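I opened my notebook to go through this model piece by piece. Here is what I looked up, in the order I got to it.

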Amino acid sequence: YSAGRLAEQKGFTYLIEVAAQLQKERNDLIFVVSGEGKLEETLKQEVNNAGLSTSFYFLGFTADIYPYLKGCDLFVLASLFEGMPNVVMEAMAMKKPVIATDVNGARELMIDGETGIIVPPREPKTMADAIRKIIDNSDALIEMGQKGYEQVTSTFTTQAMADALE
């Protein structure tokens, strides 16, 4: 699962490449993206061109992403740059492991290899490898999700942030 504005910054074209790579090996992965934006038609065409129309879905604007976060196996952030990717924190709060590009905020929120995996931007092969590494390992998915939850609830509460600011 992924969410964000359908704009170049969010790197969804690379996520489509990831899905295409993984589909060559298996047909049991579904990619779902919540969001809207000016690249919607272009991205949908990329999905069709890659033969992913039955495994890659755009939901459009989603007022409440929590049901999708709850139902997914992992969250993927493919952004090329960010300020602070709040959606990563939201995924971690839902006990989901995160695969995120190494953009501003990712390393502040995540512990690479513990709460998820951080990969370089614009490298679909590396991101696909990260998904391969954990998608079939239910223990790793649960453990990373739990550690992400613990990270968010101990570090990013109002009290913890106020204490850190003091």
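**Entry 1: the whole chain**

I began with contacts, meaning heavy atoms within 4.5 Å. Among contacts in the protein chain between residues at least 6 apart in sequence, 64% join residues at least 24 apart.

A note to myself on ground rules: this is a predicted model, where local features need pLDDT of at least 70 and side-chain atom pairs count only at pLDDT 80 or more, while totals for chains, interfaces and linings use all residues. Residues are numbered from 1 along each chain as its sequence is written, and side-chain values use heavy atoms, with hydrogens and water left out.

Next I looked up the overall dimensions. The C-alpha atoms fill a box of roughly 50 × 35 × 30 Å along the principal axes. For 166 residues, a compact globule would have a radius of gyration near 15 Å, and the protein chain agrees with its 15 Å. That radius is taken over C-alpha atoms, and the globule rule is 2.2 Å times the number of residues to the power 0.38.

I then checked burial, where buried means under 20% relative accessible area, exposed means over 50% and partly exposed lies in between, with a 1.4 Å probe and protein chains only. Of the 166 residues, 46% count as buried.

For secondary structure I found eight helices and six strands. These are DSSP runs numbered from the N terminus: H or I over at least four residues for helices, E over at least two for strands. Along the sequence the pattern reads β-α-β-α-β-α-β-α-β-α-β-α-α-α.

**Entry 2: the sheet of β1, β2 and β3**

In what order do the three strands of this open sheet stand? I read β1-β2-β3, with parallel pairing; two strands pair if DSSP finds at least two bridges between them. β1 (2-3) and β3 (56-60) are the edge strands with a single partner each, so one side of each has no neighbour in the sheet.

I went through the bridges next. β1 and β2 run parallel and are joined by two bridges, and A3 stands opposite S34 in β2. Strand β2 (residues 31-34) pairs with β3 over four bridges, also in the parallel sense, and V33 has F58 in β3 as its bridge partner.

Are the faces of β2 covered or open? Both are covered, with F31 and V33 buried on one side and V32 and S34 buried on the other. In general, side chains in a regular strand alternate between the two faces of the sheet.

Helix α1 (residues 12-23) lies across β1, β2 and β3 and runs at about 165° to β2. Axes here are lines fitted to C-alpha atoms, for helices over the stretch in contact, and angles run from 0 to 180 degrees between N-to-C directions.

I also stopped at S55, in the loop between α2 (40-49) and β3. S55 is buried at 8% relative accessible area. Leaving out residues up to four places away in sequence, S55 touches Q23, L29, I30 and F31.

**Entry 3: the sheet of β4, β5 and β6**

A second open sheet has three strands in the order β4-β5-β6, again with parallel pairing. Its edges are β4 (75-77) and β6 (116-119), each with a single partner strand, so one side of each is left without a neighbour in the sheet. The twist averages 10° from one strand to the next.

Strand β5 (residues 98-101) and β6 run parallel, joined by four bridges. One pair I noted is V98 with G116 in β6.

**Entry 4: α4 against α7**

How do the axes of these two helices cross? Helix α4 (residues 86-93) and helix α7 (residues 138-155) come within 7 Å of each other, axis to axis, at roughly 115°. On the α4 side I listed M89, M92 and A93, which meet G145, G148, Y149, Q151 and V152 in α7.

**Entry 5: backbone and reach**

I looked up two positive phi values. K95, not a glycine, has phi of about 65° and is found in the loop between α4 and β5. K95 is partly exposed at 41% relative accessible area. R122 has phi near 60°, in the loop between β6 and α6 (124-135), and is partly exposed at 49%.

From N49 to T153 I noted 104 residues in sequence and 41 Å in space, C-alpha to C-alpha.
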